[in-house]
Amino acid sequence: MRSIRGVVVGVVLALLGALGLLLSPLLIGYAVDSSTDWERLADIGQAYGSVSVLLSALALVGVAAATISQNRQSRIALEYAQRDQHALLLKMAIDDASLMECWGSLAQEPDPERRRQHAYINLTLNFWASTWQLGGMPESQVRGLLAAEIFATEVGLSFWDQARLTRDVVHAGTKTSVFDRIVEDEYLRALARLRETSASASER
């Protein structure tokens with residue numbers, strides 16, 4: 001929002017400056033008497049006209065930049081509105097077991113309690129993703145939370161084992177969100193740690 005306001009202010013100031021330059025010859029004409037060198041004033045007016053053209057061009061650039069920035073902000077707002085709606089639908093499913101049956105990925109889990117847990121983890125990951133994209137959480141913190149909270153439990157591992165298939169993060173070369181890539185990376189690291197722990201235990 002601050003960037004948009006800055007661009008808008010700049011555009012307004014540029015337009016005001018251009019308008020002032022365009023009107024300056026008339027203002028000078030009112031301020032002088034009949035003995036004034038009008039040829040010199042004409043030269044001054046031409047110089048002002050050149051500068052005003054430049055300022056007008058800069059103002060147009062500012063308008064274009066403001067439009068692009070506003071469109072970007074609108075897309076971001078729409079994305080977060082969609083995520084909020086998705087979160088609301090999941091919360092309704094958590095509160096009502098009959099609605100949980102409507103979610104194919106969750107309904108495949110036979111244990112009703114596990115379905116609710118998976119839905120809750122999904123909400124948590126969506127919240128972290130939004131916070132991370134807004135700059136409120138660095139990637140290092142996201143990775144730390146994934147390792148210490150989500151993938152430190154069997155429930156978290158089983159959730160992502162199913163979710164990663166629908167999010168298509170297991171196939172190389174496909175386009176997925178950066179956040180999902182981070183989650184997938186930490187999931188694979190958690191599996192590697194489990195294998196190392198199991199190997200160490202079997203050697204004993």
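I take buried to mean under 20% relative accessible area, exposed over 50% and partly exposed in between, with a 1.4 Å probe and protein chains only. The model is a predicted one, in which local features need pLDDT of at least 70, side-chain atom pairs count only at pLDDT 80 or more, and totals for chains, interfaces and linings use all residues. Residues are numbered from 1 along each chain as its sequence is written, and side-chain values use heavy atoms, with hydrogens and water left out.

Entry 1, helix α7. I looked up residues 154-166 and found V155, G156, L157, S158, F159, W160, A163 and R164 buried. The 13 residues of α7 reach 19 Å from first C-alpha to last, close to the 18 Å expected at 1.5 Å a residue (1.5 Å times one less than the number of residues). Helices (H or I, at least four residues) and strands (E, at least two) are DSSP runs, numbered from the N terminus.

In α6, I noted V142, R143, L146 and I150 as buried. They cover an arc of only 95° around the axis, which puts them on the same side of α6; the arc is taken from the directions from the helix axis to the C-beta atoms. S140 and A148, on the other side of α6, are exposed.

I found D111 capping the N-terminal end of α5, with a side-chain oxygen 3.2 Å from the backbone nitrogen of E113. Just after α5, G135 takes a positive phi of about 85°.

I recorded eight helices and zero strands. Of the 204 residues, 27% are buried.

Conventions:
A polar contact is a pair of N or O atoms within 3.5 Å; within protein, one must be able to donate a hydrogen and the other to accept it, and residues adjacent in sequence count only if both atoms are side-chain atoms.
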